[in-house]
Amino acid sequence: MKSLHIIAILILLSFGFSKNQSKVKITNKSEVTIKGKSNVNSFECKYNSEFIENDLHVSITRNNSKMLLEGAKIDIKSTGFDCAHKMITKDFKSILKAEEYPHIVINVRELIIVKENISAKLNIKIAGIEKEYMVPVAYNQNNGNVKGQLKLNIKDFKLKSPKKLLGMVVVNDNVEISFNLFLQY
């Protein structure tokens with residue numbers, strides 16, 4: 001009798017859950033851009049698309065409006081950004097501590113779908129420090145395109161913005177990361 005109760009509980013717990021595995025490729029058409037400002041100007045650093053192609057083996061567990069993901073971890077080379085100006089690029093890589101921490105790791109842990117709205121729960125690791133964020137994303141099923149923007153403060157990762165010209169030029173601690181990823185399944 002006790003074993004029947006345990007089986008019934010297991011059946012009820014598994015109801016609404018399904019798990020599958022998928023191979024996902026992030027193509028080199030994808031773009032990642034980081035925008036920031038100083039008290040004098042703004043800057044934009046683009047990630048070199050040659051470094052973008054990743055093959056991920058993602059395990060997906062569905063539970064009603066949530067999709068739990070395992071293996072959706074993207075490594076971005078800290079040195080892969082170009083800010084269109086040699087000194088800004090050098091300063092940007094210095095801010096990221098690119099020599100000491102050669103990768104920024106983005107781990108997509110969960111997708112939450114409510115009607116037409118999708119949010120991604122991510123863990124981002126920069127310079128050895130990991131933080132969790134919720135990011136609204138747009139997904140186009142026809143071309144496998146995922147777009148989103150994340151605003152973060154570099155101080156959350158114990159990073160310091162540079163000061164130039166004896167402190168007269170100061171970079172704002174807030175940056176915006178935009179991603180436009182093209183996925184193949």
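This chain has 2 helices and 14 strands. Those are DSSP runs, numbered from the N terminus: H or I of at least four residues for helices, E of at least two for strands. Two notes on method before I go on. The model is predicted, so local features need pLDDT of at least 70, side-chain atom pairs count only at pLDDT 80 or more, and totals for chains, interfaces and linings use all residues. Residues are numbered from 1 along each chain as its sequence is written, and side-chain values use heavy atoms, with hydrogens and water left out.

Now the overall numbers. The chain has 185 residues, and 41% of them count as buried. Buried means under 20% relative accessible area; exposed is over 50%, partly exposed is in between, with a 1.4 Å probe and protein chains only. The accessible surface of the chain is about 12200 Å². Carbon and sulfur atoms hold 54% of that surface. These areas come from the Shrake-Rupley method with a 1.4 Å probe; for residues, only the protein chains shown count as cover.

Next, contacts, meaning heavy atoms within 4.5 Å. Take the contacts between residues at least 6 apart in sequence: 59% join residues at least 24 apart.

On to charges. How many salt bridges does a search of the whole structure find? It finds 5. The criterion is a side-chain nitrogen of Lys or Arg within 4 Å of a carboxyl oxygen of Asp or Glu. Side chains of opposite charge can pair when their charged atoms come close.

Which residues are linked in a network of salt bridges? They are Lys35, Glu44 and Lys46. Glu44 pairs with Lys35, with the closest N and O atoms 3.9 Å apart. Glu44 also pairs with Lys46, and there the closest N and O atoms are 3.8 Å apart. Glu44 is partly exposed, at 34% relative accessible area. Lys35 is partly exposed too, at 37%. Lys46 is partly exposed, at 46%.

One more pair. Arg109 and Glu132 form a salt bridge through their side chains, at 2.6 Å from N to O. Arg109 sits in strand E8, residues 103–114, and Glu132 in strand E10, residues 129–140, so this pair ties together parts that are 23 residues apart in sequence. Arg109 is partly exposed, with a relative accessible area of 31%. Glu132 is partly exposed as well, at 48%.
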